[in-house]
Amino acid sequence: MTAHTIDGNALARQIRDQVSHRTAALKARGITPQLSIILVGEDPASQVYTRHKVNDSTETGLGATLERYPADLPEAQLLARIEALNGDPAVHGILVQLPLPAHMDTHKVIAAISPAKDVDGFHVASAGALMTGLPGFWPCTPHGCMKMLESIGYDLKGRHAVVIGRSNIVGKPMALMLLQKDATVTVCHSRTQDLKALTLQADVIVAAVGKRNVLTADMVKPGAVVIDVGMNRNDAGKLCGDVDYEGVREVAGWITPVPGGVGPMTRAMLLVNTLEAAERSA
Ligand code: NAP
């Protein structure tokens, strides 16, 4: 069997089109969804990511600003700037690009963002809302993965989902979202014993580790859905995921590629969250 591909680029394009239409409707009512991005320091990957976020926003009709600060910006100044953005009614989403320089307390900085503008979904109030099933912003990457499952009409009820990775931004929220859809969820991590025994039972596997070949064909039940969140480089320097794509696609029923899978969906879901922040404020 060769797995069907879940095309993240195509799905992200559809979502961006929907965002464009909803944004146009909101603009007709005099409200332009506005995202404020803060970048502290010169991290090269962060510079690329924030540029993408601005471009994605403007291409779909959202307003976006990128504020850049030197790496030695005092934490108090960053907190004061966030406070000002919290109080600005023209700003609907605030995103502080991570990682922050070592002298800053990331938890404190994220906690300073108003939950109503927390479009990354990293605030403890957003995490709590997800955990309790209340409305709030969901982190973009796992939310994008859920949209991918939805796009193939996959009914998670009673299915066994195995999430590999337990970070606050991917693994844990992913597990909660799957649970909310009535999957039976197993969360694996670096101390998990016999990962293969668990993944072989899974109807859905989400790999969010950051290591190549964490999931190989012998670890996958025939027909399973495999979602690859990982972003790594192979020996040739090309982007690859956590999953041995060539091997696993011969066993799985559905698989997401890297690149062109979860990455574009993450970007699209940030636009959705920003738009929804503006819609809620209206
Ligand atoms: P992270 O914070 O480093 O978490 C990695 C998780 O993997 C940890 O929970 C760790 O366990 C677990 N782990 C490490 N080695 C393992 C092993 N051999 N077997 C099982 N679990 C293992 O990373 P993250 O931020 O969640 O990101 C994960 C990957 O997704 C990275 O490659 C990142 O670049 C990528 N990512 C992609 C997107 C996208 O848009 N495509 C977005 C976000 C992240 P412990 O908790 O025990 O240490």
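Modeller: A polar contact is a pair of N or O atoms within 3.5 Å; within protein, one must be able to donate a hydrogen and the other to accept it, and residues adjacent in sequence count only if both atoms are side-chain atoms. This is a predicted model, in which local features need pLDDT of at least 70 and side-chain atom pairs count only at pLDDT 80 or more, while totals for chains, interfaces and linings use all residues. Residues are numbered from 1 along each chain as its sequence is written, and side-chain values use heavy atoms, with hydrogens and water left out.

Biologist: Which residue has a backbone N or O atom 3.0 Å from an oxygen atom of the ligand?

Modeller: Two other residues can be set aside. Ser167 uses an N or O atom of its side chain, 2.5 Å from a ligand oxygen, and Val229 has a polar backbone atom 3.5 Å from a ligand nitrogen. The backbone atom at 3.0 Å from a ligand oxygen belongs to Met231.

Biologist: How much of the ligand does the protein bury?

Modeller: Accessible areas come from the Shrake-Rupley method with a 1.4 Å probe; for residues, only the protein chains shown count as cover. Taken alone, the ligand exposes 920 Å², and the share buried by the protein is 70%.

Biologist: Which helix gives the most residues to the shell around the ligand?

Modeller: The ligand is surrounded by 19 residues (a heavy atom within 4 Å), with Arg166, Ser167, Ser190, Lys211 and Thr266 the closest. Helices (H or I, at least four residues) and strands (E, at least two) are DSSP runs, numbered from the N terminus. With three residues, spanning its place at 262–281 in the chain, the leading contributor is helix H10.

Biologist: Where is Asp182, and what is its phi?

Modeller: Most residues other than glycine have a negative phi. Asp182 lies in the loop between helix H7 (171–180) and strand E6 (184–188). Its phi is positive, near 70°.
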